[in-house]
Amino acid sequence: MKLAWLVAERSTCLRHHVGAVIARDKRILTTGYNGAAAATKDCTELGCLRDELKIPSGQRHEICRAIHAEQNAIIQGGFHGINIKNSTLYCTHSPCVLCAKMIVNAGIKRVVACVGYPDQSFKELFNQAAIEYSSMEVPNLVIFQKL
């Protein structure tokens with residue numbers, strides 16, 4: 001989970017920095033963060049459409065330049081030919097329902113998150129698809145401490 005928070009630092013979203021790590025058998029398979037599509041301008045350069053239109057978090061997902069962290073982690077698996085079936089997705093935030101649908105169809109079997117996303121409709125979908133979901137506290141993000 002600590003790595004997901006580190007990956008989130010790459011986010012170009014002005015609202016939420018979200019990071020995701022997909023792992024299986026104690027091995028990292030892919031990572032993703034929320035940001036604009038490759039080779040396109042992002043919100044740090046153009047501003048946030050959702051803020052301009054006063055759209056609350058968790059609503060109208062289609063009005064956003066960003067691809068969600070979970071989506072990017074899944075896409076990276078396909079792009080690089082990495083099998084993510086039966087894996088665990090660690091994400092800084094719980095998924096929106098769109099990401100949850102992708103998680104189900106990608107064959108991910110477990111999701112662990114820290115921060116709750118306003119849209120909680122993913123829980124019923126995960127129950128139906130037998131995907132294990134758990135939450136945890138934000139880990140200590142200090143990399144090194146002197147003794």
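Guide: Before we look at any residue, buried means under 20% relative accessible area, exposed means over 50%, and partly exposed covers what lies in between, using a 1.4 Å probe and protein chains only. This is a predicted model, in which local features need pLDDT of at least 70, side-chain atom pairs count only at pLDDT 80 or more, and totals for chains, interfaces and linings use all residues. Residues are numbered from 1 along each chain as its sequence is written, and side-chain values use heavy atoms, with hydrogens and water left out.

Visitor: OK, so is Ala36 buried, exposed or partly exposed?

Guide: Ala36 has 22% relative accessibility, so it counts as partly exposed. Ala36 is found in strand S3, residues 35-36, where strands (E, at least two residues) and helices (H or I, at least four) are DSSP runs numbered from the N terminus.

Visitor: And what is Ala36 in contact with?

Guide: If we leave aside neighbours within four places in sequence, Ala36 is in contact with Thr12, Lys41, Asp42, Arg65 and Ala66, contact meaning heavy atoms within 4.5 Å.

Visitor: Which strand holds Ile67?

Guide: Ile67 sits in strand S4, residues 66-67, and because its relative accessibility is 23%, Ile67 counts as partly exposed.

Visitor: Switching to helices, how do H4 and H5 pack?

Guide: Two packed helices are described by the angle between their axes and the distance between the axes. Helix H4 (residues 69-80) and helix H5 (residues 97-106) pack at about 25°, with axes 9 Å apart; axes are lines fitted to C-alpha atoms, for helices over the stretch in contact, and angles run from 0 to 180 degrees between N-to-C directions. H4 and H5 are therefore roughly parallel to each other, as angles under 35 degrees count as roughly parallel, over 145 as roughly antiparallel, 65 to 115 as roughly perpendicular and the rest as oblique.

Visitor: Which residues make that contact?

Guide: From H4 they are Glu70, Gln71 and Ile74, and from H5 they are Leu98, Cys99, Met102, Ile103 and Ala106.

Visitor: Last topic, what about the loops?

Guide: Ser87 lies in the loop between H4 and strand S5 (88-93), and with 2% relative accessibility Ser87 counts as buried. Lys26, in the loop between strand S1 (19-24) and strand S2 (27-33), is exposed at 89%, and its phi is near 65°, a positive value in a residue other than glycine. Ala130, in the loop between helix H6 (122-129) and strand S7 (132-135), is exposed at 60%, and has a positive phi of about 60° although it is not a glycine.
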